[in-house]
Amino acid sequence: MSTLKAPITPLDHVKGPANAPVTLVEYGDYECPHCGAAHPIVNLVQEHFGPRLRLVFRHFPMSQAHPHAEGAAESAEFAGAHGRFWEMHDGIFENQDRLGLPLLFALAGALGLSELELRAALVNGTYAPKVKSDFLGGVRSGVNGTPSFFINGVRHDGTYAFDDLVAAIELRLHARAEL
Amino acid sequence: MPILSGGTPAPGFTLPVTPDQNLSLSDLAGRPVILAFYPADWSPVCGDQMALYNEVLPEFHKHQAEILGISVDGAWCHQAFAKDRRLHFPLLADFEPKGEVAKQYGAYRYREGVCERALFVIDRNGVIFWSYCSPIAVNPGADGILDALEKLSHQGSAHEHAKSSNHAA
């Protein structure tokens with residue numbers, strides 16, 4: 001059974017209350033079609049559980065297979081540095097079919113962020129260490145592909161179908177209720 | 001036969017690495033070697049597994065380790081697969097006699113005629129340090145390999161330390 005080795009820190013991108021009984025961590029790649037397919041499902045799952053669920057997204061770009069994944073991850077981090085991580089995250093996944101630099105700049109512009117600053121951050125690899133640290137934490141935790149999910153620190157080996165994710169999260173909620 | 005376990009000397013081998021070149025385990029003596037036996041090029045899980053190792057390659061190299069993928073596919077098949085997936089590490093063809101090396105490591109599935117999904121970390125002296133056989137349909141990830149390489153590095157540095165303190169004494 002694989003468990004999450006990298007604890008959640010203030011550097012993580014978190015949606016939902018810190019004291020939620022269940023934390024869902026996703027390791028994802030913005031160019032991975034499965035992650036794209038999982039994205040609306042994850043949003044529905046979060047809606048379903050409301051304040052009982054905290055969502056964390058970490059980067060796991062498979063750069064050799066997906067040439068735009070690293071740049072997209074760094075762009076999301078750039079937006080995050082300006083407090084707009086989740087808007088950028090949603091924007092990238094919702095437009096995954098045209099992922100590339102023009103899209104990343106357009107999304108930044110639409111969020112009122114400077115395209116020039118983003119360009120400089122990508123050229124300088126400003127956010128590459130954060131992306132790398134997410135990736136390595138994932139590898140050490142047994143992430144073997146994307147998307148990979150951890151529910152309260154335990155790897156979810158089921159599929160990312162809505163029913164599968166909801167059932168697995170319910171199980172954790174009940175396990176807590178019985179304590 | 002279960003797969004060979006830690007403490008067993010790693011059986012030597014020479015296998016095609018391209019249609020016109022061979023690679024021997026002994027060519028890599030002095031460095032840790034990761035052997036990743038897998039059932040087949042192109043099958044979904046293997047592709048993900050090899051793609052993952054491709055991404056984690058810099059971490060393996062930090063430990064001076066080399067990774068070799070091994071399956072019963074032929075050298076031409078490996079070449080096409082590696083090119084398609086942009087793999088930056090060698091794939092060896094355990095093709096003729098089929099599965100001979102996998103059999104020596106206890107990592108051959110006679111019924112299907114393919115390799116197990118089995119991992120071996122071999123130390124600098126050619127002894128198996130760690131091994132793991134994954135359920136055939138499960139991508140075992142890279143965490144076990146990295147844990148093993150880290151332990152090997154610690155052992156190595158402890159050994160070096162012991163040597164240097166002996167020397168000082």
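## The sheet of chain B

Chain B holds an open sheet of five strands, with mixed pairing and the order β5-β4-β3-β8-β9. Strands here are DSSP runs of E with at least two residues, helices are runs of H or I with at least four, and both are numbered from the N terminus. Two strands pair if DSSP finds at least two bridges between them. At the edges of the sheet lie β5 (91-93) and β9 (128-134) of chain B, each pairing on one side only. On average, neighbouring strands of this sheet are turned by 20 degrees against each other, direction ignored.

Let us look at one pair of strands. Strand β4 (residues 66-71) of chain B runs in the parallel sense with β5(B), and the two pair over three bridges. Gly69(B) stands opposite Leu91(B) in β5(B).

## About the model

This is a predicted model, in which local features need pLDDT of at least 70 and side-chain atom pairs count only at pLDDT 80 or more, while totals for chains, interfaces and linings use all residues. Residues are numbered from 1 along each chain as its sequence is written, and chains are lettered from A and ligands numbered from 1 in the order in which they are written.

## Two helices in chain A

Now to chain A, where helix α2 (residues 69-81) packs with helix α6 (residues 128-140) at an angle of about 110 degrees, their axes 9 Å apart. The axes are lines fitted to C-alpha atoms, for helices over the stretch in contact, and angles run from 0 to 180 degrees between N-to-C directions. α2(A) and α6(A) are therefore roughly perpendicular to each other; angles under 35 degrees count as roughly parallel, over 145 as roughly antiparallel, 65 to 115 as roughly perpendicular and the rest as oblique.

Which residues of α2(A) and α6(A) meet? Glu70(A), Ala73(A), Glu74(A) and Glu77(A) come from α2(A), and they meet Ala128(A), Lys130(A) and Val131(A) of α6(A). Sorted by class, this contact of α2(A) with α6(A) has three nonpolar, no polar and four charged residues. In this scheme Ala, Val, Leu, Ile, Met, Phe, Trp, Tyr, Cys and Pro are nonpolar, Asp, Glu, Lys and Arg are charged, and the others, Gly among them, are polar.

## Where the chains touch

In chain A, 11 residues are in contact with 14 residues of chain B; contact means that the C-beta atoms of two residues, placed from the backbone, lie within 7 Å. The side of chain A that touches chain B has four nonpolar, six polar and one charged residues.

## Loops worth a visit

In chain A, one joins Thr146(A) and Pro147(A), with omega about -10 degrees, and Pro147(A) is in the loop between α6 and β4 (148-151). In chain B, the bond from Glu96(B) to Pro97(B) is cis, with omega near -5 degrees; Pro97(B) lies in the loop between β5 and α3 (100-104).

Trp42(B) is not a glycine, yet has a positive phi of about 75 degrees. Its place is in the loop between β3 (33-37) and α1 (44-62) of chain B.
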